[in-house]
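Let's take a walk through this one together, starting with the overall fold and ending at a single residue. Have the viewer open and follow along.

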Amino acid sequence: MGPAANADVARDEGGISAALAQLSARFGERLQTGMALREQHGHTTTYIPTQAPDAVFFPESVEEVQEAVKICAEHRMPVIPFGVGSSLEGHVNAPAGGLSIDMARMNRVLSVNQEDLDCTVEAGITREELNHYLRDTGLFFPIDPGANASLGGMAATRASGTNAVRYGTMRENVLSVTAVMPDGQVVTTARRARKSSAGYDLTRLLIGSEGTLGVICSLTVRLHGIPQAISGGVCPFPSVEAACQAVIMTIQMGIPIARMELVNALGMRAINEYSKLDYQESPCLFLEFHGTDAGVAEQAELFGEIAAEFSGGPFVWTRAAEERQKLWKARHDFYWAGFVLRPGTKALATDVCVPISRLAECIVETEADIAETGLVAPIVGHVGDGNFHVSVLMDMEDKDEIARAEAFVARLNRRALSMEGTCTGEHGIGQGKMRYLEEEHGAAGVDMMRTIKRALDPLGIMNPGKILDMTGK
Ligand SMILES: Cc1cc2nc3c(=O)[nH]c(=O)nc-3n(C[C@H](O)[C@H](O)[C@H](O)COP(=O)(O)OP(=O)(O)OC[C@H]3O[C@@H](n4cnc5c(N)ncnc54)[C@H](O)[C@@H]3O)c2cc1C
């Protein structure tokens, strides 16, 4: 199958066994080579076939990461940083074998600076662990990609999710990272100041680098005050266009929406069946507002009026935490809910992002494409950002269906690019989207990325076979 083939990435048998012997002598039981664990580290939540690394290492400090990377560099053994493996484009596969560095044991909170609204954490901490730690401070870390991902993995994929429309993505919320680079040097990319004009922006170079430039060991992130009041609800619409028009007007009117998620009619059917709910099975917006008691009520009322203008509604909203949690749990379970539509299948979960003015057109064309292709593929979107996901449910025994699904994804990416959008708003490139990078950035843009990669990782050991095809370049 296409994306994971990566036959171009060469495996160095001698180097790998020499490195493994040295790593094992140094780290003992924290270097694991059992097949089940290795496969789990090469297997992400994806339809792309597993390519297991040769060993998994659980470091406990920056110095240990540094030592391991130096040993790997000496023997040209690939290094694949690993968070929790929730990425969707074959990011943690090991096409040339190598060492998976699992950051799970580096999950401490190093400092919380309440007055400055930031904290410094080790990269293996998950977003839920961080928010649990912060629960008594009145602060929270807002980025929510649905999965309980690690902050290192989220930074490495430039993740976002349901409330990016209000709080931004990892790009806006990471102030600085400390990373072990491929030559073993430790680099801290910035101080804690909110802004800086000092030199190249190394923080943003590493955010979204998908483990191809270095291993992020810790990061300083922005925190936000937990809002005094939160309201939310679900609003049905007669069509996707009507829902998107309401989204555009809501944004244009400057209503400070915190979450605005579209689920299409097929997706609503899956959600109802999976979560035992009885929402209307037409395109729906899931919404959340953050602010004061009066503010969230006013915002919800205003949105209800906008929805009505586009024949949407009724917008039933609530401040009750339990009910809100129920509706967001249903939304967050969307990926798993999809399987009720076709049990026994695997999901090809893909995302694109377009300027919001093109969103309706892009989703409507995509729905028509799905119908013509005969695929089962519910749609969900962080539509406040112009970002939507399609989950194509595939029978993995049916080669023709897989080919149709891949051809559909190619058309979807090109549709988004033709609308001045991107082939991925938040999942990243990994193995699955490498072929679209040049179409998006042009040859000169991709050449510049290769120049950076070569300069920082001349041996090509960091997560080879991801983002950039370096074969013969
Ligand atoms: C059900 C579901 C829903 C999802 N919804 C969203 C969503 O709404 N928005 C969104 O953005 N994503 C979403 N995702 C994708 C996924 O959660 C994100 O890509 C997440 O950021 C990956 O974090 P991770 O810890 O799982 O990283 P991994 O999958 O372990 O790794 C991802 C990449 O980052 C690299 N990496 C990991 N840790 C480090 C490190 N410390 N230093 C350097 N590189 C590192 C890896 O090498 C790999 O290339 C979803 C996934 C699932 C399963």
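Start with who touches whom: of the contacts in the chain between residues at least 6 apart in sequence, 73% join residues at least 24 apart. Keep in mind that this is a predicted model.

The chain holds 16 helices and 18 strands. Its radius of gyration is 22 Å, close to the 23 Å that the globule rule gives for 473 residues, so the chain is as compact as a globular protein of that length. If you boxed up the C-alpha atoms along the principal axes, you'd need roughly 65 × 55 × 40 Å.

How much of the chain is buried? Buried residues account for 57% of the 473.

Let's go inside. In soluble globular proteins, nonpolar side chains tend to be buried together. Here, the largest nonpolar core has 52 residues, and Leu99, Leu130 and Leu219 have the most contacts inside it. Several elements give two or more residues to this core, among them helix H1 (13-27), strand S4 (99-102), helix H5 (151-157) and strand S10 (215-222). Helix H3 gives the most, with six residues.

Zoom in on leucine 130 and you'll see what such a spot looks like. Not counting residues up to four places away in sequence, leucine 130 touches Val109, Cys119, Val121, Ile125, Phe141, Leu151 and Val221. There is also a second, separate core of 47 residues, which includes Ala377, Met394, Ile402 and Leu412.

Last stop: glycine 168. Look for it in the loop between helix H6 (164-167) and helix H7 (170-173). Is glycine 168 buried or exposed? Its relative accessibility is 13%, and the cut-off for buried is under 20%, so glycine 168 counts as buried.

Which residues is glycine 168 in contact with, leaving aside its neighbours within four places in sequence? They are Ile143, Asn163 and Asn173. For a sense of distance, pick out leucine 139 as well: glycine 168 and leucine 139 are 29 residues apart in sequence, and their C-alpha atoms are 16 Å apart in space.

Conventions:
Residues numbered from 1 in each chain as written. Predicted model: local features only at pLDDT ≥ 70, side-chain atom pairs only at ≥ 80, totals over all residues. Heavy atoms only, no water. Helix = DSSP H or I, 4+ residues; strand = E, 2+ residues; numbered from the N terminus. Rg over C-alpha atoms; globule rule 2.2 N^0.38 Å. Buried < 20%, exposed > 50% of the residue type's maximum accessible area, 1.4 Å probe, protein only. Contact = heavy atoms within 4.5 Å. Core = buried A, V, L, I, M, F, W, Y, C linked by side-chain atoms within 4.5 Å.
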